[in-house]
Amino acid sequence: MNKALRRPVIAGNWKMNKTPDEAKALIEEMKPLVADADCDVVVCVPYVDIPAALEATAGSNIKVGAENCHWAESGAFTAEISAPMLKAVGVPYVIIGHSERRQYFGETDVTVNKRTKAALASGLKVILCVGELLEQREQGITEEVVRYQTKIALGDVSAEDLKNVIIAYEPVWAIGTGRTATAEQANEVNAAIRACIAELYGKDAADATVIQYGGSMNAKNAAELLAQPDVDGGLIGGASLKAQDFSVIVKAASV
Ligand code: PGA
């Protein structure tokens, strides 16, 4: 019942793929396939693809996101991009705390919190990623891990700003591995995250928060995952690079 309160969000995470020309071509292919979507559709693209993606999506129902942003407004942070810069070019969404940033680029829960607050302060919508490692699942501490990540990431985020936060539960062992969480596993952890949000912000805020699942979601398994009561959309990596597959996932979220 509460699920009806939330509009699903299907977001592609292109990671380090596609040149600007390729980005434009992929979006042109996607546009007619997702035009009648009854959910929000977002493509998060490499920084250099943002202008091409904004141009290609103009007037369509596809929104553009970045894949990260820095916490400072400007300064001596070579190669980083700030939230006000993203805002200035017209990007509405940004992914924060993706497990690849945590694994390969030393992101911590504290920097995830700083980036989240900066993005929200600039008026961006944040797709905040949390998720456990395989050994943490095997140790039976999945819920503790995602609760801990969620709480730190949302430290000093107001209830008003929470309205601009989407949480993506992405078990690290399921990302890019072809090994998806079962629908029950995804729903169980998403429900635990929602309970954590309820503790922090109250039940109404928890009922209104979009919580996605991500990790090898594809055209075949999307419908079952998205039918779960606490799964409000998906953050899609590999399958978001194929217009046809991505559109099947968008349709599965639209029913
Ligand atoms: P995947 O990636 O769909 O390729 O597993 C998901 C993600 O990293 O957001």
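Trainee: Which residues of α7 are buried?

Mentor: First, some ground rules. This is a predicted model, in which local features need pLDDT of at least 70, side-chain atom pairs count only at pLDDT 80 or more, and totals for chains, interfaces and linings use all residues. Residues are numbered from 1 along each chain as its sequence is written, and side-chain values use heavy atoms, with hydrogens and water left out. Helices (H or I, at least four residues) and strands (E, at least two) are DSSP runs, numbered from the N terminus. Buried means under 20% relative accessible area, exposed over 50%, and partly exposed in between (1.4 Å probe, protein chains only). In α7, the buried residues are T142, V145, V146, Q149, T150 and A153.

Trainee: Why do the buried residues of α7 line one face of the helix?

Mentor: Seen down the axis of α7, they fall within an arc of 125°, so they line one face. The arc is that of the directions from the helix axis to the C-beta atoms.

Trainee: What do the buried residues of α7 pack against?

Mentor: Contact means heavy atoms within 4.5 Å. The buried residues of α7 pack against several elements, among them α4 (99-104), α5 (109-121), β5 (125-130) and α9 (183-201).

Trainee: What span does α7 have from its first C-alpha to its last?

Mentor: The expected span of a helix is 1.5 Å times one less than its number of residues. Helix α7 covers residues 142-153, 12 residues in total, and reaches 16 Å, close to the 16 Å expected.

Trainee: How many cavities of 30 Å³ or more are there?

Mentor: Rolling a probe the size of a water molecule over the atoms shows where empty space is left. On a 1 Å grid over the protein atoms alone, a cavity is a set of points where a 1.4 Å probe fits but cannot get out; a pocket is an open set with protein on both sides within 12 Å along at least five of seven lines; lining residues have an atom within 4 Å of a point. Grid points are joined across faces, edges and corners, and a volume is the space filled by probe spheres set on the points. The count here is 1 cavity of 30 Å³ or more. The largest cavity holds about 40 Å³ of space, and its lining includes H98, R102, C129 and E170. The elements that give two or more residues to this lining are α4 and β5.

Trainee: How much space lies in the largest pocket?

Mentor: The largest pocket has about 490 Å³. Of its 18 lining residues, the closest to its centre are K15, M16, Y47, E67 and R101. The element that gives the most to this lining is α4, with 3 residues.

Trainee: How much space lies in the second largest pocket?

Mentor: About 260 Å³. It is lined by 15 residues, and L162, K163, N164, V165 and A208 are the closest to its centre.

Trainee: Is L86 buried or exposed?

Mentor: L86 lies in helix α3 (residues 83-89) and counts as buried, at 2% relative accessibility. Leaving out residues up to four places away in sequence, L86 touches Y47, I50 and L124, among others.

Trainee: Where is T108 found?

Mentor: T108 sits in the loop between α4 and α5. T108 is partly exposed, with a relative accessible area of 37%. T108 and A153 are 45 residues apart in sequence, and their C-alpha atoms are 9.4 Å apart in space.
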